[in-house]
Amino acid sequence: MEIEVNQTPAPPEPHYNPIFERLVNVDQPMAENLSGMIAYCLYKIAKREWATDFFQRNGRKPNETELDEYLRTWTTTRIAGAEKEADAVLLDFAGSVVDENTPRIREDALRGTFWGSVWTSCLAAFLYTVFLIGAAVILKSAGIDLLSIVQSVRSG
């Protein structure tokens, strides 16, 4: 005698876009993934452009099969290109931030450096003078008269 077990079929695996994992390392902190996230954004922009063009040519949205075909066009070389473009976007942004803030950075550096240097120099001169006076006192207490030595060198 066989017992029939009512088995429910397993739910289908979720359909998702694997490009994200190819561009963004999910095991790294977000701050270290900025380039990958920009590359993914560039991918999404390209996909939107493709879908808009598809709609204009065909008068309808692409179906799942057509979207999967588009996804297959993202080869390793194309993904590497998106990563390089993302790096270029980051470098351009960093350069513009530095260029924009250079006058303020220079002004802050010069303002802070001048007075800091003046006070450091004054303190160094004071400490050197104290050292020389201390050396003269120690030599005098040891019976060495520096003034007589200097005068004998001048007259000699």
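Met-37 lies in helix α2. Helices here are DSSP runs of H or I with at least four residues, while strands are E runs of at least two, and both are numbered from the N terminus. Met-37 is partly exposed, with a relative accessible area of 27%. On this scale, buried means under 20% relative accessible area, exposed means over 50%, and partly exposed lies in between (1.4 Å probe, protein chains only).

What does Met-37 touch, not counting residues up to four places away in sequence? The answer is Val-24 and Met-30. A contact means heavy atoms within 4.5 Å. Ala-86 stands 49 residues from Met-37 along the chain, and their C-alpha atoms are separated by 8.4 Å.

This is a predicted model, in which local features need pLDDT of at least 70 and side-chain atom pairs count only at pLDDT 80 or more, whereas totals for chains, interfaces and linings use all residues. Residues are numbered from 1 along each chain as its sequence is written, and side-chain values use heavy atoms, with hydrogens and water left out.

Now step back to the chain. There are five helices and zero strands. From the N terminus on, the order reads α-α-α-α-α. Of the 156 residues, 14% are buried. Take the contacts with a separation of 6 or more: 54% of them join residues 24 or more positions apart.

Next comes a pair of helices. Two packed helices are described by the angle between their axes and the distance between the axes. Helix α2 covers residues 34–58, and helix α3 covers residues 64–72. Their axes come within 12 Å and cross at roughly 135°. Axes are lines fitted to C-alpha atoms, for helices over the stretch in contact, and angles run from 0 to 180 degrees between N-to-C directions. Helices α2 and α3 are therefore oblique to each other. Angles under 35 degrees count as roughly parallel, over 145 as roughly antiparallel, 65 to 115 as roughly perpendicular, and the rest as oblique.

Which residues meet? From α2 come Tyr-43, Ala-46, Lys-47, Trp-50 and Phe-54. They meet Glu-66, Leu-67, Tyr-70 and Leu-71 in α3. The residues of this contact divide into seven nonpolar, no polar and two charged. Nonpolar covers Ala, Val, Leu, Ile, Met, Phe, Trp, Tyr, Cys and Pro; charged covers Asp, Glu, Lys and Arg; the others, Gly among them, are polar.

Last, the cysteines. Cys-41 is partly exposed at 40% relative accessible area. Cys-122 is partly exposed at 43%. A search of the whole structure finds zero disulfides (pairs of cysteine sulfur atoms within 2.5 Å).
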